[in-house]
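Dear colleague,

I am handing over the structure we spoke about, and I would be grateful if you could look through it before reading on. My notes come after it.

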Amino acid sequence: MYKYIILLHILGATIWTGGHLILSILILPKALKNKSVEIIQNFEQPYEKIGIPALILQVLTGLYLAHNLLPDFSLWFSFIPGIPTFVGYKLILLLLTIIFAADARFRIIPRLNENNLSSLAWHIIPVTIISVLFVVAGVSFRTGGF
Ligand code: HEM
């Protein structure tokens, strides 16, 4: 069972982190250069359909994996060196992702136009960095960190 959950977790990671890297490296610079909200929307609208389920999958499989490695919930924020620290990092990264995503969805996106595109960039770039840090923290469980 565990190996199937890890497989789903990694598949979700490829979609979430991969999608955000494409958005930050290829789509966002093009949108900023052309001052085009449409370029972002053309990517985001289809991507969201797979990106949001991927994030939900990450959270569900991640909580399962964390519970398997660390059944005692009281240790999840203990930051004891090793597994508890990486679980704690993952949960902080998740909280940051939720804050950025909610702010973008409810405050930035409804008022988005060609003049305030940079405010969206200030969300896309941190969420992309956080998505890469999720992978770094994930790989750290086995490697002991970097
Ligand atoms: C977008 C979000 C996430 C991404 C991109 C991500 C990515 C990864 C990656 C690449 C691994 C390495 C797997 C391996 O070495 O086999 C991993 C492992 C892990 N992740 Fe995540 N993760 C995310 C969210 C979460 C969340 C929310 C949790 C919950 C605390 C979590 C808990 C874990 C655990 C416990 C492992 C270690 C599994 C093991 O080696 O047995 N992840 N993650």
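Predicted model: local features only at pLDDT ≥ 70, side-chain atom pairs only at ≥ 80, totals over all residues.

Residues are numbered from 1 along each chain as its sequence is written, and side-chain values use heavy atoms, with hydrogens and water left out.

The iron site

Which protein atoms are donors to the iron atom of the ligand? They are NE2 of H9 and NZ of K90, lying 2.0 Å from the iron; donors here are N, O and S atoms within 2.8 Å of the metal (3.2 Å for Na, K and Ca), and sites may look incomplete because water is not among the atoms. H9 belongs to helix α1 (residues 2-34) and K90 to helix α3 (residues 83-108), so that the pair, 81 residues apart, links distant parts of the chain; helices are DSSP runs of H or I with at least four residues, numbered from the N terminus. The iron site has six donor atoms with angles of 75 to 177 degrees among them and is octahedral, a label given to six donors if opposite ones are over 155 degrees apart and all others between 65 and 115. H9 counts as buried because its relative accessibility is 14%, and K90 counts as buried at 17%; buried means under 20% relative accessible area, exposed over 50%, and partly exposed in between, with a 1.4 Å probe and protein chains only.

The ligand surroundings

The ligand is surrounded by 22 residues, of which the closest are Y2, H9, W16, K90 and R142, where a residue is included if one of its heavy atoms lies within 4 Å of the ligand. R142 places a polar side-chain atom 2.9 Å from an oxygen atom of the ligand, a polar contact being a pair of N or O atoms within 3.5 Å (within protein, one must be able to donate a hydrogen and the other to accept it, and residues adjacent in sequence count only if both atoms are side-chain atoms).

The nonpolar core

The largest nonpolar core holds 18 residues, and I40, L112, L120 and I124 touch the most other members; such a core is a set of buried Ala, Val, Leu, Ile, Met, Phe, Trp, Tyr and Cys residues joined through side-chain atoms within 4.5 Å. Helices α1, α2 (37-69), α3 and α4 (117-143) each give two or more residues to this core. Beyond its neighbours within four places in sequence, L120 is in contact (heavy atoms within 4.5 Å) with I40, A104, I108, I109 and L112.

Single residues

T85, in helix α3, is buried at 11% relative accessibility, and its side chain reaches the backbone oxygen of I80 at 2.7 Å. Residues up to four places away in sequence aside, T85 touches F79 and I80.

Helix α4 also contains S140, W122 and V135. S140 is buried with a relative accessible area of 3%, V135 is partly exposed at 35%, and W122 is exposed at 64%. The C-alpha atoms of V135 and T14 are 9.4 Å apart, although 121 residues separate them along the chain.

With best wishes

Notes:
Tetrahedral: all angles 85-135°; square planar, octahedral: opposite > 155°, others 65-115°.
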